[in-house]
Amino acid sequence: MIENVLTGWDGALCSSRYDRETGAFFTVAVHSRRRGPAAGGTRAMHYASHEDAVADATRLASAMTLKMAAADLPMGGGKSVIALPAPRHEIDDDLWQRILQVHAENLSALNGTYWTGPDVGTTSADMDLLHGRSGFAFGRSVDAGGPGSSAPSTAQGVYVAMRTAAAEAGMNDLAGRRVLVQGLGAVGMDVLELATKDGADVVAADLDEDRCRRARDLGAAIVRPEEVLDVESDVYAPCAMGGVIDVDVARRIRTSVVAGAANNVLVDPAAGEELARRGVVYAPDFIANGGGAIHLVGREVLGWSPAEVASHVDGIAATLSEVFERARTARLSPDRAAHDLAQSRLDRPAA
Ligand code: NAI
Ligand code: PHE
């Protein structure tokens with residue numbers, strides 16, 4: 001029941017709307033506005049139930065609050081989920097444009113309480129329409145006057161996180177190491193390229209054949225999506241959907257490092273405890289994948305140049321080192337230490 005989702009959530013507002021004409025079910029979750037207006041992407045996909053969509057929106061919004069605070073950005077956390085009437089690839093362009101128009105109305109109704117941006121199932125071109133109709137979307141295309149896709153900065157941040165976590169696990173660099181990339185979308189493909197350039201031996205998986213073919217051309221070995229968690233690696237980079245590591249997976253996964261882009265990688269804190277107990281170094285997702293938020297908020301709110309964005313994305317290494325240090329001294333899992341770090345920054349709102 002949706003009520004059960006909401007009674008277990010500590011966010012500020014969750015509004016949902018069903019649009020009969022398009023068959024789409026919209027949820028905008030605003031978790032926190034302590035550091036500034038809530039911000040987070042719009043995810044558009046097919047869900048098994050409306051309850052699942054609301055649960056995803058609220059969890060993702062909570063993660064955005066942590067991400068903004070950990071990266072010291074002057075924004076709160078929010079997220080939109082559009083539960084589509086069919087899988088995204090089955091939605092034709094006409095229907096998609098009508099769905100976006102309804103979502104623009106949602107953004108206008110919230111009047112800047114929440115700013116959106118791209119996420120799974122949405123692109124910079126979609127942000128052009130949403131921003132044009134509401135004025136509350138980050139991540140427009142360069143042609144429309146925006147900063148363009150957040151994905152390259154996200155991938156760069158994930159790569160920095162991988163290297164920092166690998167060092168924490170005793171590896172000098174990624175050369176000759178086996179890096180397992182799960183999901184070869186906007187972020188995962190760039191992560192694959194960066195790891196390959198570093199001399200890593202990359203193994204990858206995606207549901208999409210074309211993406212697998214491209215990864216093979218870049219030198220990666222391909223495994224089937226359902227085999228990923230059985231593949232032995234030095235670094236595992238989840239770059240598809242969240243919820244991939246529960247306690248059982250944490251107990252059996254054969255890797256030294258987990259560092260990827262997916263939001264909400266851990267099913268619950270116990271999975272993070274189990275990884276730590278086994279000595280698997282986990283780079284907390286909301287720190288490792290902060291590059292996209294740094295790019296969008298840096299360029300569009302703080303007026304940073306691309307070089308300033310790049311330098312802040314590289315700063316993910318220092319934030320992560322601080323997390324590992326806290327984890328060591330306080331004998332906490334890195335996941336717990338990262339929550340504490342983000343909370344301490346939340347308690348000291350942005351100027
Ligand atoms: P995307 O939609 O471009 O790519 C996701 C890829 O994962 C697709 O190629 C899809 O086929 C694949 N996939 C889905 N299920 C899979 C499975 N079970 N096994 C293997 N592959 C599977 O999304 P994008 O933008 O690359 O984002 C990836 C993840 O990173 C998402 O969880 C997103 O929320 C997160 N993220 C993205 C940011 C961005 O700037 N794009 C920023 C921060 C986080
Ligand atoms: N959806 C991306 C994320 O999870 C990028 C994004 C960041 C979108 C901030 C909007 C605002 O980080």
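Author: E10 and E11 pair in the parallel sense over 2 bridges, where strands (E, at least two residues) and helices (H or I, at least four residues) are DSSP runs numbered from the N terminus, and two strands pair if DSSP finds at least two bridges between them. This is a predicted model, in which local features need pLDDT of at least 70 and side-chain atom pairs count only at pLDDT 80 or more, while totals for chains, interfaces and linings use all residues. Residues are numbered from 1 along each chain as its sequence is written, and chains are lettered from A and ligands numbered from 1 in the order in which they are written.

Reader: In E11, which residue is the bridge partner of valine 235?

Author: Strand E10 covers residues 235-238, and E10 also pairs with strand E7 (residues 178-182) in the parallel sense over 4 bridges. There the bridge partner of leucine 180 in E10 is tyrosine 236. In E11, the partner of valine 235 is valine 257.

Reader: Which residues of strand E10 point the other way from Val235 and Ala237?

Author: In a regular strand the side chains alternate between the two faces of the sheet. All of these E10 residues are buried, a residue being buried if 20 or more other C-beta atoms, placed from the backbone, lie within 10 Å of its own. Val235 and Ala237 point one way, and the other way point Tyr236 and Pro238.

Reader: How many residues of domain 2 are in contact with domain 1?

Author: The protein is divided into domain 1 (2-139) and domain 2 (151-289 + 318-346), with bounds that come from an automatic or database domain assignment, and their C-alpha centres lie 25 Å apart. Two residues are in contact if their C-beta atoms, placed from the backbone, lie within 7 Å. On that basis 10 residues of domain 1 touch domain 2, where the number in contact is 11.

Reader: Which helix gives the largest share of the shell around ligand 2?

Author: A residue is near a molecule if its C-beta atom, placed from the backbone, lies within 6 Å of it. Of the 13 residues around ligand 2, Gly41, Gly117, Asp119, Gly292 and Ala293 come nearest. The largest share of this shell, 3 residues, comes from helix H11 (residues 291-300).

Reader: Which residues come nearest to ligand 1?

Author: The shell around ligand 1 holds 27 residues. Those that come nearest are Ser150, Gly183, Gly185, Ala240 and Gly292.

Technical notes: Buried ≥ 20, exposed ≤ 12 C-beta atoms within 10 Å, placed from the backbone.
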